[in-house]
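Here's a quick tour of how this chain is put together. Take a look at the model, then read on.

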Amino acid sequence: MNYIKQLTEFWTWAKSSNAKPQYRMIYLALLEVNNGCGWKPVFRATYGEVMELAGLTSKTTYYSGLKFLEEAGLVRY
């Protein structure tokens, strides 16, 4: 996987989406975790790790963000 390509595609999508900034941060945090894993097709990220990287404090926001990103076709969890 190409990190720059992923970021470019994400920002193209984000410009036309109604994604909340927190949801965008969740996606970027997940990209960072997967980058650290060496771009595995399937990887694990802990709730705490993503929350910290995304700067989130609300569990509700975290799970609604994952749902939003999944419905947008950006992640599967």
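## Ground rules

Axes here are lines fitted to C-alpha atoms, for helices over the stretch in contact, and angles run from 0 to 180 degrees between N-to-C directions. Helices are DSSP runs (H or I, at least four residues), numbered from the N terminus.

This is a predicted model, so local features need pLDDT of at least 70 and side-chain atom pairs count only at pLDDT 80 or more, while totals for chains, interfaces and linings use all residues. Numbering starts from 1 along each chain as its sequence is written, and side-chain values use heavy atoms, with hydrogens and water left out.

## Helix 3 against helix 4

The axes of helix 3 and helix 4 sit 11 Å apart, at an angle of about 95 degrees. That makes the pair roughly perpendicular, a label for angles of 65 to 115 degrees. On the helix 3 side, Y47, V50 and M51 meet K59, Y62 and Y63 of helix 4; contact means heavy atoms within 4.5 Å.

What does L69 touch? Setting aside residues up to four places away in sequence, its partners are W13, Y23, I26, Y27, L74 and V75.

## Helix 2 and what follows

Helix 2 runs for 16 residues and spans 23 Å from first C-alpha to last, close to the 22 Å expected at 1.5 Å a residue (1.5 Å times one less than the number of residues). Its buried residues, meaning those under 20% relative accessible area with a 1.4 Å probe and protein chains only, are Y23, I26, Y27, A29, L30, L31, V33 and N34. They pack against helix 1, helix 3 and helix 4.

Just after helix 2 comes G38, with a positive phi of about 85 degrees. G38 sits in the loop between helix 2 and helix 3 and counts as exposed because its relative accessibility is 53%, where the cut-off is over 50%.

## A buried glutamine

Over in helix 1 is Q6, which counts as buried because its relative accessibility is 17%. Its side chain makes a polar contact of 3.2 Å with that of Y27; such a contact is a pair of N or O atoms within 3.5 Å, and within protein one must be able to donate a hydrogen and the other to accept it, with residues adjacent in sequence counting only if both atoms are side-chain atoms. Beyond its neighbours within four places in sequence, Q6 is in contact with M1, Y27 and L31.

Notes. Helix = DSSP H or I, 4+ residues; strand = E, 2+ residues; numbered from the N terminus. Parallel < 35°, antiparallel > 145°, perpendicular 65-115°, else oblique.
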